[in-house]
Amino acid sequence: MSAFKTASCGLDFAAVPDIQEGLHVATASKYHFVTFPITHPNFKREFIKGKAKNRPGPITRSDMILCSSDWSQYIVGKLSPYIDVDSTVPFIAKNSRETINQELSFATHLGLIAITIKLKGNLEKTMNLAQIVYNKIAAEPHFQAFIWVQVPMENPMKQVYSHREDKNVDEMEVENTWNWWNSFRIVCNYHKKLIVALVVSNDVPDKEEVLRWIGEPVKCLIIPTSVFITNKKGYPVLSKGHQDLIKAFVPLDVQYIITGSNRHQNIAYYYHYLDHLWKNWQPDGTIERFARGFEDYLQNPLQPLMDNLESSTYEIFEKDPIKYELYQRAIQSALVDRADLKKKEKDDTPIVVMVVGAGRGPLVRAALNASISTRTTIKLYAVEKNPNAIITLQALKKEMWGDQVTIVSSDMREWKAPEKCDILVSELLGSFGDNELSPECLDGAQKFLKDDGISIPQAYSSYLAPVQANKLYNEVRAAKSTNEHESNFEMPYVVQFQNKYDIDEPQILFTFVHPNKDDPIDNSRYGKNTFKASQDCILHGFSGYFDCQLYKDVMMSIEPRTHSPKMFSWFPIFFPIKTPVHLKAGDEIVSHFWRCGNTKNVWYEWSVEKPIPVAIHNPNGRSSKIGL
C-alpha cells in the first residue's frame, strides 16, 4: 500500500547556515527529506521602502549548491516567516506580495516538489494569500510544486484564553481550524495541488474532528518535539492519545515532519520511534491486501449483462474466501428444507437446482459441495450467457462434474427450461445491490421456479450515506466530460473508500425481494433519506452499499456496520454531486434517489433538497445507464 518500506519522515530547519551540512545531518539520522527556507534568512528584501531596498547582491544562495535531483527529491521549501500579504499596513502587504512572488518563482526554478505555507486564520486574514497561491497553481504546467498548507489541529487562541483569568475557554467561541482550511481551499477552487500539512498540537482533538480530517487531502503530520514525552529509558515517545491520533492517518500513507529543538540525545530518536509505530500499524487484513493499490481509485461499475466478463475478472472474484462459503451455507440450509419437504410428500426425485449466471462455476461447486455435506441428491442446471465461460463450464463437466450437471448456453431470460426447479441460485449483485440488474434478471428467470421454490438470494437492500471526500471529488472533476452536462458527475463509480469522512451513518434506500410476487412487476424505485451533520463539513456525494439475505439467517453484507468479515468481492459505490455543499453542524441533508428504466436501460437519478437544493443528476440517463 505504501510507497515507503519505512515511515517517510522529514526534518524541519528554522534556519540553515549551510544547506549541504543541514541535508547531511538529516540524511545521516535516516530522515528522508528536509524543510528549508527558500531564501537565506539574512537576505531580507524590501521592495517598497526600507534599509534593504537597495541592498546589492543575490537574494539567496546559488542553486548550484545542490544538484537538481537533490533539490527536487529532498527539499520542501518554506516561505520567509515575515511575509504577510494580508497585513493591514499597506507597505508591509505590498512588500510581502513582491517577496512571496519572488520566492515562489525561485522555488519553481529549483524544481521543488512542494512548498509549505502557514494558515494563521480565516479568509479575513488569508484572502490575499489565497489569491496569490491560486494564481500560481492555476498557471500549470509552469508551476509544478504542490502547496502544503500548514493548518494547526488546534486554534492557538485556545491556549491564549486558557492562560487568561478573565476568559473561560469553554465559554468562548473559538473558530475551528478546519474552517480556515475549508474556506481557503474553496476560494482556491478545490485545486488538487493544495495539500494539508496538519500541525499536531499538545491537546488531542475529539474523534469526530479527527475523522473529518481523514476526509481531507492530508499529506503529512507536522509533529513538534514538544509533543513527545520521555520514557523511563530516556527515549522520546508519544502519549496514548497522540498515538491513536497518528494511527488514524496511517491508511492515508501520510508523511511526517519533526519540528522544534532537539529535546533528547539524538534527533534520530524521533524518527526511529515513528518508524516503529508505522511498521506496527500497517493494515494487513484480507480486504486490505486485495484492495492494495486501488484505494480511492474510481472505476466504472461492471455491466455483466451487456458485456461478457474476461477470464481474469472471474478469477479475481473467485478468490473471495467468504462469499462462496456463505452461498454454500445458504444452499445447504435450503437443501435440508427441500429434502424434509420431499420426505413428507414421499417424493424421491432429485432436488432440482438451477444456477443462473454460472460464470466459471464457483456457485456450481458450492451447490455440489452442499449436496455432499447434506447427503441430498440434486440435479443441477448451470445457465450462462457468456460463450467464453461456457467453454470453462463444459471442461469442468467433462473432467469433474459428469452428468449430474447440465450446461446451458443461454440468457436466463430467454431460456426455455425443461422443468421447474426447487432452488434458484444467482450471483448477480453489484456494489449497490441492484446495479448489475439482478432484479430484472431474476424476474425473468423466476418462471423456472416452482410455486413454493426457494430463491437464493431471497432479498437485498441498497444503503446510502453522505460523505466528504475531497480527493474523490477532484478525481471526478479531472475526468473528461463527454458532453456539456459534466457527465463525469452524473455517473456512479465503484471505489474502495479511504480518504473520506462519513457525515452520517448509512440508511436503507431500495429493497428487492425474490421471487417477486408483484403484479405487475415494477423495479423502478424512489427513495428519500434524511441525514444530519454532527459538525461543519462538506458534502461531496454519497457512498452506496448493500446487504443481502441469501437464505433465512445467512446474510452477506458490505454495509460498514455489518460487513461480512474478510469478504472483498465488492467495493462500495460513489454518487458524486457537481457542486459541493457546505454543511453546518446540525444541518439536515435530505437526498432523493430514483431508479428509472425503460425497455432498453436502467439508470439512477439523484438530487439534494436540503440544506440547499441541488440540480437532479443524470436526468433520463443522459450520462450513465445500465443496458438490459
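Select Glu440 to begin: is it buried or exposed? Glu440 counts as buried because its relative accessibility is 15%, where buried means under 20% relative accessible area, exposed over 50% and partly exposed in between (1.4 Å probe, protein chains only).

Before moving on, a quick note on what you're looking at. This is a predicted model, where local features need pLDDT of at least 70 and side-chain atom pairs count only at pLDDT 80 or more, while totals for chains, interfaces and linings use all residues. Residues are numbered from 1 along each chain as its sequence is written, and side-chain values use heavy atoms, leaving out hydrogens and water.

Arg595 sits in strand β24 (residues 588-597) and Glu440 in helix α15, so the pair ties together parts that are 155 residues apart in sequence. Helices (H or I, at least four residues) and strands (E, at least two) are DSSP runs, numbered from the N terminus. Arg595 is buried too, with a relative accessible area of 2%.

Next, pick Arg338, Asp422, Lys450 and Asp452: salt bridges with shared partners join them into one network.

Then jump to Lys323 and Glu427, a salt bridge with its closest N and O atoms 2.5 Å apart. Both Lys323 and Glu427 are buried.

Last stop: Arg413 pairs with Asp411 in a salt bridge, at 2.9 Å between the closest N and O atoms. Arg413 is partly exposed at 26% relative accessibility, whereas Asp411 is buried at 14%.

Notes: A salt bridge is a side-chain nitrogen of Lys or Arg within 4 Å of a carboxyl oxygen of Asp or Glu.
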